Amino acid sequence: TDAEAVRRESLQRRAVLGGARALARRPQLGFGGPAGPAVLDLAAAYPRVRSWDGAVVRDAAVVPAARPGLAREGAASSCARADLRLELEVDADSEAEGTLVVRCREATAEARVALRPGRNRLALPFSLARPPLWGPAGMGEPTMSAARWELRWGDRSLSGETSFGIRDIRLVRTPDERGETFRLEANGRRFEARGAHLLPANALRPHHPDLAALQLAKDAGLNLVRVRSGGSYASDELLRQCDAGGILVWQDLPFLDALYPLEGAFLEEAKSEVAEQARRMRRHPSQAHWFGITGAAERWEEDGWGERLGSRRAAAEETARLAEVFGRSIPAVLAEADPGRAYLEGSPARSWRNEASLRAGDLWYRGWDDALESSETAQGRGGRFVSGFGAVSHPSPAVMRAWAGMAGEKRTPRAVLPAGPAAERIAVREGPG
């Protein structure tokens, strides 16, 4: 009904564009929490080839054709054999027969290929014996390998080099006496994750990585960063730094605790974007997992989405739509574009207030938000895998001096609290305990 449509639209994410509120699939980036500005990251900007002559290679990647054959050597792991595949995306302006060659370490593979006008996807399998493994920080060296490729047709040729890492990252979820495990394994060994969320630090250039923050994470001994749905896709520059530093990346798709019109042209656009980004990011061994929608389970349980939709039928239709898109459509796209990498339909699995969240799935603990629970209570509410804490870090002394109008001055800062509920929340946080 019209009333149900209005209620459903009220739950969709919107942004201010040119003075009008328009539906926006991409999350607005909130800087400084609810009190800070909201900036809409309209698109991930990546270079595009504008013109070419004869043919151009749009993308080249070495990807695993199967999981590597691992062998245990004491406390370490090694790779006995790796079956790989060179994949090229080539745009050609005419039909041609050619040869594709790849060389990597002691291996050489060659095959005849046919080019057709338009987009061509070429694949050439090859294998490596006892190649070095890429290991996350604390579990070996993040060793990268390189493969040289050449495409020849007629009197023309294109060539290049692409880097890759060989590793086996798994998310182990098996039933046990507590509920279900949620454990990472790297190259056949248990991986103890020490991570943090990585959100853009620059509101005006949100899809540019904050490499300084990444270096701080590495210096602090972290081995995992989560690029949250409130940010953007990890850039190649960020992923290269993570490849070199042995830091795993968990990438959220940009669907953040809202209901979207997941059908028709809107859904097709979202699927195309996911496919493009997955093909771009799959060459990086640091890219570990994908998450579908963030916060939806909490919103159903805590914000009353079902009641706000107006009827049981509308709520059932919406839950069925979410299950179809994030349980079947999106994972099907990822299975084709980036096979073998783990995908989770949603995060967290359920609200942190639900006791079942402590027994299965990842937990996003929000008990510290607005001092809802004490730090003592929080110690006993660790889930199987805690993927988020509701706690804001303290600003640096330099930032505090600048905010207080004291840059370059040496005098005692004066505390200024805003009036209203915000002041009460700050006072609670700074109170006893």
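Begin by selecting Cys242, which counts as buried at 0% relative accessibility. The model on screen is a predicted one. Select Cys79 next; this residue is likewise buried, with a relative accessible area of 2%. A search of the model for disulfides gives a count of zero.

**The whole chain**

Now show the entire protein chain in cartoon form. Its secondary structure amounts to ten helices and 22 strands. The chain has 433 residues, of which 45% count as buried. Among the contacts with a separation of 6 or more, 65% are between residues 24 or more positions apart.

The average pLDDT is 80, and 76% of the residues score at least 70. Two stretches deserve a separate selection. Over residues 27-46 the pLDDT stays under 50, and the model gives this stretch 53 contacts beyond four places in sequence. Residues 411-433 also have a pLDDT below 50, with 15 contacts in the model beyond near neighbours in sequence.

Select strand 7, residues 76-92, and locate Asp91 within it. Is Asp91 buried or exposed? Its relative accessibility is 8%, and since the limit for buried is under 20%, Asp91 counts as buried. Display side chains here: that of Asp91 makes a polar contact with the side chain of Arg119 at 2.4 Å. Leaving out residues up to four places away in sequence, Asp91 touches Trp52, Gly54, Ala55, Val56 and Arg58, and also Gly118 and Arg119.

**The loop at Glu106**

Move to the loop between strand 8 (96-104) and strand 9, where Glu106 is placed. Which backbone atom does the side chain of Glu106 reach? It is the backbone nitrogen of Ala129, at 3.4 Å. Apart from neighbours within four places in sequence, Glu106 is in contact with Leu128 and Ala129. For a distance across this region, select the C-alpha atoms of Glu106 and Ser127: they are separated by 9.7 Å, although the two residues lie 21 residues apart along the chain.

The last stop is another open sheet, in which five strands are arranged in the order 16-17-18-19-20 with parallel pairing. Which strands stand at its edges? They are strand 16 (195-198) and strand 20 (342-347); each has a single partner strand, and one side of each is therefore left without a neighbour in the sheet. Here neighbouring strands are turned by 25 degrees against each other on average, direction ignored.

Finally, select strand 19 (residues 287-294) together with strand 20. The two pair in the parallel sense over five bridges. End the tour at Phe291, whose bridge partner in strand 20 is Leu344.

Methods: Residues numbered from 1 in each chain as written. Heavy atoms only, no water. Pairing = 2+ DSSP bridges. Helix = DSSP H or I, 4+ residues; strand = E, 2+ residues; numbered from the N terminus. Axes fitted to C-alpha atoms, helices over the stretch in contact; angles between N-to-C directions. Disulfide = S-S within 2.5 Å. Buried < 20%, exposed > 50% of the residue type's maximum accessible area, 1.4 Å probe, protein only. pLDDT = per-residue confidence, 0-100. Contact = heavy atoms within 4.5 Å. Polar contact = N/O pair within 3.5 Å; in protein donor to acceptor, adjacent residues only side chain to side chain.
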